[in-house]
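The account is intended to be read alongside the sequence and the coordinates.

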Amino acid sequence: FLGNPVQKEIPNVIEVMKRLEPFLFYQMIALQSNIDNPFDESVVRAYWLGGNFLRPTTRENLKQISFGEFPILNLEKIRSLIGTIPHHNFSVLQPLSTMKRTVKELPQSLLKEANKCLVKTGKIKAISGADLKVKTLSLGQEGDKLDYKDKVIRIKKGFVDGVKKGDYVSIHFGKVREIISKEQASDLIAASIGAFNFSFKG
């Protein structure tokens, strides 16, 4: 949509997106990168794919962004954002890290849903119709702790055309979202590990 927008729908879509949590991170990325528009394509891509635009959030950043559309945010939640990397996977991992229970007590269904919601990258190993076999990093249990582990998973091609064996792709909720470069894949892995380390090891 951002790359090829329907002009008359832009105002409506933007107003909806301003009420969603990613808008907080869009603002942080834009502010840190001296970009005026928090919906700039480079900002949105950084939120999903990582890259040089991502920097730890500072107290000064938080003073300059708008929280007006987020009634669920209290002072403690806002303070918890200091030091975070404004990437999608932080939003998925942080709630897991704050649960007052051990990993062994976490329902497997919760870990399964978290794995679906995490944006991942992988290299396509095989293709069979609309089904793809991809090697990626997956959230899993390691004793009584969570960690990222290499795993081969099956995903759907989705609406992306021209996917071939050896391509790097971004993955969200079990579907290919786009074909990306090897460098973008490395950026996404780095952002994912950074978000994980902050949430569970920081």
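The model is a predicted one.

The largest nonpolar core has 32 residues. Within this core, the residues with the most contacts are Tyr-26, Leu-93, Leu-139 and Leu-146. At least two residues of the core come from each of α2 (22-32), α3 (41-49), α6 (88-97), α7 (108-117), β3 (145-156) and α8 (182-201). Helix α2 gives the most, with seven residues.

Aromatic rings deserve attention next. Eight aromatic pairs are found in a search of the whole structure. In one of them, the rings of Phe-23 and Phe-39 have centres 5.3 Å apart and planes at 15°, and the pair is therefore stacked, since planes under 30 degrees apart count as such. Because Phe-23 lies in helix α2 and Phe-39 in the loop between α2 and α3, this pair ties together parts that are 16 residues apart in sequence. Both Phe-23 and Phe-39 are buried. A further pair, Tyr-26 with Tyr-47, is edge-to-face, with 5.3 Å from centre to centre and 85° between the planes. This pair links distant parts of the chain, for Tyr-26 is in helix α2 and Tyr-47 in helix α3, 21 residues apart. Tyr-26 has a relative accessibility of 4% and so counts as buried; Tyr-47, with a relative accessible area of 2%, is buried too.

What surrounds Met-28 from elsewhere in the chain? Apart from neighbours within four places in sequence, Met-28 is in contact with Thr-57, Leu-62, Ile-65, Leu-81 and Pro-86. Between Met-28 and Pro-56 there are 9.3 Å from C-alpha to C-alpha, although the two are 28 residues apart in sequence.

In helix α6 lies Asn-89. Asn-89 counts as buried because its relative accessibility is 0%. Leaving aside neighbours within four places in sequence, the contacts of Asn-89 are Leu-118, Val-119, Tyr-148, Ser-192 and Ala-195.

Helix α7 shows a division between its sides. Leu-111, Ala-114 and Asn-115 are buried in α7. Seen down the helix axis, the buried residues of α7 fall within an arc of 100°, and therefore line one face of the helix. The face turned away from this buried side carries Ser-109 and Lys-112, which are exposed. Among the elements covering the buried residues of α7 are α6, β1, β2 and β3.

The strands complete the tour. Strand β1 (residues 120-128) pairs with strand β2 (residues 131-142) in the antiparallel sense, over six bridges. Opposite Ser-128 stands Asp-131 in β2. The hairpin of β1 and β2 has two residues between the strands, and Gly-129 takes a positive phi near 65° there. Strands β2 and β3 also run antiparallel, joined by twelve bridges. Here Asp-131 stands opposite Lys-156 in β3. In the hairpin of β2 and β3, again with two residues between the strands, Gly-143 takes a positive phi near 70°.

Definitions and conventions
Residues numbered from 1 in each chain as written. Predicted model: local features only at pLDDT ≥ 70, side-chain atom pairs only at ≥ 80, totals over all residues. Heavy atoms only, no water. Core = buried A, V, L, I, M, F, W, Y, C linked by side-chain atoms within 4.5 Å. Buried < 20%, exposed > 50% of the residue type's maximum accessible area, 1.4 Å probe, protein only. Helix = DSSP H or I, 4+ residues; strand = E, 2+ residues; numbered from the N terminus. Pairing = 2+ DSSP bridges. Contact = heavy atoms within 4.5 Å. Arc of directions from axis to C-beta. Phe/Tyr/Trp six-rings, centres within 6.5 Å; stacked < 30°, edge-to-face > 60°.
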